[in-house]
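Hi,

Here is the structure I promised to pass on to you. Have a look at it first, and then read on for what turned up.

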Amino acid sequence: MNVYDGLRITAMLERHGYVHTDDIADADIILLNTCAVRAKATEKVYSALGRIRLAKKKDAIYGIVGCVARESGSDAFRKLKDLNFVLGPQSYHKLPEILSDPNTKLLDINLGGLEKFDELPPITKSPLVAYIPVQEGCNHCCTYCIVPYTRGPEISRAFNDIMAETMHAAEVGAIEICFLGQNVNGYKFTDKNGKTYRLSDVIKATAKIDSVKRIRFTSSYPTEMTDDLIELFGTEKKLLPFLNMPIQSGSDNILKRMHRQYSISEYMAIIDKFKNIRPDIQISSDFIVGFPGESDDDFEQTMHAAKHVGYINSFSFKYSPRPHTAAAIMPDQIPENIKSERLIKLDDLLNERQREFNLSCIDKTFECLYEGPDKTGKKHIYRTPYMQPCIVTTDNPTNMATITITSANKSCLHGKIID
Ligand code: SAH
């Protein structure tokens, strides 16, 4: 979501005559686009702002946009007195106001809905992967999560707006479309004629665009997986056989306390449905360890669930208490050392399975999408349909390539282009 927001902000600044620079000392305007999901991300923002302040030109304006801006509000100005703007995730289209008068302080952390999508100019050139949001905000109210506070209630965008943006992204270079939403599979929009569109309709319409070769979406809420969407995985070949469906915990007791609205057996039944429809599908997940009240036994159930599903790539986090959330004030917080021990154990398991899956790809052939040169600049990175990075040697990288995997380790694959 932040990558998307960043591109739209860049397009807006370009329209005001700015060009991008990586050199802070050269910049006239510097903004940090921020994430507030875990405390660590928030803390990093202020140390980064401190560094920017020292490195920037004296009259350069600087500020924060995104969820930390929304979380901090005017506090940010108290922490850094010369900060110029603090704009929440739904207000960054107001940035031009400060460009016309850099002496003012601009604070806007309102949750205005979908206004920003209309106000911002379209991107002029798309990366090969275009991220297209289908909704803002979230209504799920998981007790650990700050997102409903920072991004507000869930609002689905109009189907026609999403399709116009998707077609434009394809016209200006996108080959893969990744639909975004905090609760992306809950997308639901009813137009003025009473016709209702779901995510499956967005995907079907996108698959008709010739130049779009791959479609995916993130992140999904397990019980919003409706049959129309699951069945589409059986018929729509452009949908990648790879799905992020966060389980968070393997214990029904903890899921209840997290206010996740499914049990482990319901979650597993959804996975089975996917596997029946699309046998080559692989799943990734998000996990939180050390949620308040998590016992050794609860944690073992998470290990068990992780082993059972065999996720090929996951994100795992230590629970981080966040302001404006119910879990932050639960009494039975877990000590940091136990959280760390559990995270190491879970990561070992997840990494081993990831390595195993990568090794199982040797000698297989995949249609892959170009990502860019590797660090040396001599080799090139592609992404397989399972989003594994695959390194190849070629003088002439094409956008899509058929690649046979020759070797693998935990973090990447190596392959040779056969077409
Ligand atoms: N709707 C998104 C939520 C974005 S946050 C989603 O389903 O992915 C991404 C992940 O961060 C969440 O899935 C969760 O695993 C993790 N997360 C969110 N709040 C957290 C917290 N307070 N502490 C630790 N991890 C958290």
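Two residues are in contact here when they have heavy atoms within 4.5 Å. Please keep in mind that this is a predicted model.

With that in hand, let's begin with Arg-70, which lies in helix H3 (residues 67–72). Setting aside its neighbours within four places in sequence, Arg-70 is in contact with Gly-88, Pro-89, Ile-109, Leu-111, Tyr-149 and Thr-150. Arg-70 is buried and yet has no salt bridge: Asp-108, the nearest side chain of opposite charge, is 7.8 Å away. What does the side chain of Arg-70 reach at 2.8 Å? The backbone oxygen of Tyr-149.

Next, the ligand. It is surrounded by 14 residues, and the closest are Arg-38, Gln-182, Gln-248, Asp-286 and Ser-320. A backbone N or O atom of Gln-182 lies 2.8 Å from a nitrogen atom of the ligand, and for Tyr-144 a backbone N or O atom lies 3.0 Å from a nitrogen atom of the ligand. Ser-219 uses its side chain instead, with a polar atom 3.1 Å from an oxygen atom of the ligand.

Last comes helix H14 (residues 336–360). Its 25 residues should span 36 Å at 1.5 Å a residue, and this agrees with its end C-alpha atoms, which are 36 Å apart. Among the buried residues of H14 are Lys-339, Arg-342, Leu-346 and Phe-357. Their cover includes strand S13 (282–289), helix H13 (296–309) and strand S18 (400–408).

Enjoy exploring!

Best wishes

Definitions and conventions:
Residues are numbered from 1 along each chain as its sequence is written. This is a predicted model: local features need pLDDT of at least 70, side-chain atom pairs count only at pLDDT 80 or more; totals for chains, interfaces and linings use all residues. Side-chain values use heavy atoms; hydrogens and water are left out. Helices (H or I, at least four residues) and strands (E, at least two) are DSSP runs, numbered from the N terminus. The expected span of a helix is 1.5 Å times one less than its number of residues. Buried means under 20% relative accessible area, exposed over 50%, partly exposed in between (1.4 Å probe, protein chains only). Lys and Arg count as positive and Asp and Glu as negative; His and the chain ends are not counted. A salt bridge is a side-chain nitrogen of Lys or Arg within 4 Å of a carboxyl oxygen of Asp or Glu. A polar contact is a pair of N or O atoms within 3.5 Å; within protein, one must be able to donate a hydrogen and the other to accept it, and residues adjacent in sequence count only if both atoms are side-chain atoms. A residue is near a molecule or strand if one of its heavy atoms lies within 4 Å of it.
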